[in-house]
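Please read the sequence and the structure below together with this report.

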There are 2 protein chains.
Amino acid sequence: MIHNDTIDKQLAHRSIRAFKDQSLTKEELTTLYQVASHTSTSNFHQQFSIIHVTDPKVREKIRQISNQDYVGANGDLLIFIVDLYRNQQIRKQMGNDDGRLHTMDVFMEAVEDTTLAVQNVLVAAESMGLGGVILGSIKNDPAQLIKVLDLPKMTMPWLGLQVGHPDQEPQLKPRLPLDLVAFEDHYPKDFKLDQFKDYDSHVTQYYDLRDTNKRIDSFTNQINGPKLNDQMSKRDDINEVLFNQGLAMG
Amino acid sequence: MIHNDTIDKQLAHRSIRAFKDQSLTKEELTTLYQVASHTSTSNFHQQFSIIHVTDPKVREKIRQISNQDYVGANGDLLIFIVDLYRNQQIRKQMGNDDGRLHTMDVFMEAVEDTTLAVQNVLVAAESMGLGGVILGSIKNDPAQLIKVLDLPKMTMPWLGLQVGHPDQEPQLKPRLPLDLVAFEDHYPKDFKLDQFKDYDSHVTQYYDLRDTNKRIDSFTNQINGPKLNDQMSKRDDINEVLFNQGLAMG
């Protein structure tokens with residue numbers, strides 16, 4: 001293993017879900033925005049935006065959508081937006097039509113721009129001694145979230161980042177061993193349950209040893225469990241909401 | 001602005017498209033894989049995989065799909081896979097059905113897992129003095145790429161990363177000013193073309209001053225230009241290919 005400050009922090013990544021009652025400084029925020037803006041972007045189209053949510057009422061509403069008490073609480077809440085609106089406006093004001101902006105292909109490029117920026121910002125935050133957690137939960141009710149943030153068509157709030165000064169030191173959560181994730185030339189189609197046995201016991205030990213929210217669980221039990229079992233929720237509105245936003249239409 | 005080694009490298013990010021004739025060491029590769037595996041993952045589902053492509057014939061075929069001469073040439077080629085197959089196999093062998101694995105919602109979570117990992121790996125590579133470029137171009141012919149990589153259903157090759165020892169020092173490409181990208185509470189729906197004028201001239205100057213492939217161009221001209229104009233290509237097969245792979249079906 002190669003070590004340096006950056007990599008050591010990356011290998012020590014834990015999602016932080018408890019923050020001190022201290023907001024980021026203007027300088028910290030600007031640094032995170034600069035890092036976001038210097039992230040790789042597909043075809044130089046720069047199709048994402050960030051909203052820093054400070055309004056307590058809006059924070060409260062997003063917390064309700066996410067159903068996680070740390071969302072919009074201590075620390076700062078950033079919402080990363082898949083943004084095809086800005087480029088649509090440019091084309092419009094230059095007298096052009098929307099071209100490919102409504103396609104699945106260009107939407108996915110914008111999703112990539114947005115998601116790459118989220119990770120880059122989280123790495124920067126952790127390098128400063130801050131902590132954070134990426135919030136997929138903001139999409140628990142996508143139509144409501146668009147309303148709460150008063151967003152126009154051709155945008156889609158994609159991921160949140162709750163970031164701040166850590167008020168916890170969670171244990172490192174064990175990840176799948178590399179021989180089940182990274183392959184040389186050939187993707188193995190013959191996974192056997194047995195191969196997950198050692199990893200399962202590491203995960204079980206992790207849950208048993210952690211300070212809060214102890215439980216008996218394994219990786220394969222979670223994959224086989226309720227979160228991935230058949231059920232419908234407002235999360236499945238995503239298809240309709242994207243269509244209504246004019247995105248990923250074909 | 002806050003500065004440290006990590007952030008300074010992030011702010012100095014340039015995509016590298018020319019590499020020395022030197023492959024990554026086993027230790028470098030393993031470090032990158034470890035960083036990938038420690039990236040945030042939605043619901044702990046760990047739904048991505050990496051294929052390190054070393055077979056010259058496969059590299060050649062991916063280069064043809066990407067239509068970029070540096071793909072699969074000097075350096076190393078990593079393909080990041082949206083992977084719902086591994087978890088499908090776990091559920092199957094535990095006697096369960098596929099549950100939510102075919103939904104758009106879970107597919108998007110896997111896309112997020114995959115894309116976050118790509119950025120984390122690129123940051124790690126750059127921290128070691130390596131360089132890289134994220135390849136959306138591998139999806140120029142998604143059906144063919146799946147065939148070339150011999151991937152099963154429930155997987156989708158998503159982004160490539162060509163990584164290695166830089167053999168060029170490109171200029172920093174100017175990004176949109178923060179006041180057009182990062183907002184406090186309210187997303188501005190009233191972008192005016194005028195607001196992009198200064199930035200356009202920075203971009204024009206960048207193209208004029210750079211060493212190779214000089215051209216006269218601006219940001220708004222690119223957004224208004226051929227890449228986003230109406231046209232169909234094999235990139236638009238993505239919807240059909242995802243459906244055939246059993247992914248993002250509703």
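Just after helix 4 of chain B, Gly95(B) takes a positive phi of about 85°. Helices (H or I, at least four residues) and strands (E, at least two) are DSSP runs, numbered from the N terminus. Helix 4 of chain B covers residues 85-93, and its buried residues are Tyr85(B), Arg86(B), Asn87(B), Gln88(B), Gln89(B) and Ile90(B). A residue is called buried if 20 or more other C-beta atoms lie within 10 Å of its own, exposed if 12 or fewer, and partly exposed in between, with C-beta atoms placed from the backbone. These buried residues of helix 4 of chain B pack against strand 2 and strand 4 of chain B, and also against helix 8 (219-223) of chain A.

The model is predicted: local features need pLDDT of at least 70, side-chain atom pairs count only at pLDDT 80 or more, and totals for chains, interfaces and linings use all residues. Residues are numbered from 1 along each chain as its sequence is written, while chains are lettered from A and ligands numbered from 1 in the order in which they are written.

**Strands**

Strand 2 of chain B (residues 76-83) is mostly covered, with eight of its eight residues buried. On one side lie Asp76(B), Leu78(B), Phe80(B) and Val82(B), and on the other Leu77(B), Ile79(B), Ile81(B) and Asp83(B); both faces are covered. In chain A, strand 1 (residues 48-53) is also mostly covered, as five of its six residues are buried.

Two strands pair if DSSP finds at least two bridges between them. The table lists pairings of this kind, each with one pair of residues that stand opposite each other.

| Strands | Sense | Bridges | Residue pair |
|---|---|---|---|
| Strand 1 and strand 2 of chain A | antiparallel | six | Ser49(A) and Ile81(A) |
| Strand 1 of chain A and strand 5 (residues 182-184) of chain B | parallel | three | His52(A) and Glu184(B) |

Val123(A) is in helix 5 (residues 104-127) of chain A. Is Val123(A) buried or exposed? Val123(A) is buried, because 26 other C-beta atoms lie within 10 Å. Two residues are in contact if their C-beta atoms, placed from the backbone, lie within 7 Å. Leaving aside neighbours within four places in sequence, Val123(A) is in contact with Gln10(A), Thr6(B), Asn120(B) and Val123(B). Val123(A) and Gln10(A) are 113 residues apart in sequence, yet their C-alpha atoms are 7.1 Å apart in space.

Asn120(B) belongs to helix 5 (residues 104-127) of chain B. Asn120(B) has 25 C-beta neighbours inside 10 Å and therefore counts as buried. Beyond the neighbours within four places in sequence, the contacts of Asn120(B) are Gln10(A), Gln119(A), Val123(A), Val35(B), Ala36(B) and Thr39(B). The C-alpha atoms of Asn120(B) and Leu176(B), 56 residues apart along the chain, are separated by 23 Å.

A nonpolar core is a set of buried Ala, Val, Leu, Ile, Met, Phe, Trp, Tyr and Cys residues joined through C-beta atoms within 7 Å. The largest one has 126 residues, and Phe80(B) and Val121(B) are among those with the most contacts inside it. Which residues does Val121(B) contact, leaving aside its neighbours within four places in sequence? They are Leu32(B), Val35(B), Ala36(B) and Leu161(B).

**Chain A as a whole**

Chain A has nine helices and five strands. The radius of gyration of chain A, taken over C-alpha atoms, is 20 Å, close to the 18 Å that the globule rule (2.2 Å times the number of residues to the power 0.38) gives for 250 residues, so chain A is as compact as a globular protein of that length. The C-alpha trace of chain A spans about 60 × 45 × 40 Å along its principal axes. Of the 250 residues of chain A, 46% count as buried. Among contacts in chain A between residues at least 6 apart in sequence, 79% join residues at least 24 apart.

Domain bounds come from an automatic or database domain assignment. For chain A this gives domain 1 (5-170 + 232-244) and domain 2 (178-226). Their centres, taken over C-alpha atoms, are separated by 29 Å.

**The two copies**

A rotation of 180° with 0.0 Å of shift along its axis superposes chain B on chain A, with an RMSD of 0.0 Å. The two copies are thus related as by a two-fold rotation axis. The same surface serves both copies, as 99% of the contact residues of chain B recur in chain A. The superposition is by least squares on the C-alpha atoms of residues with pLDDT of at least 70 in both copies.
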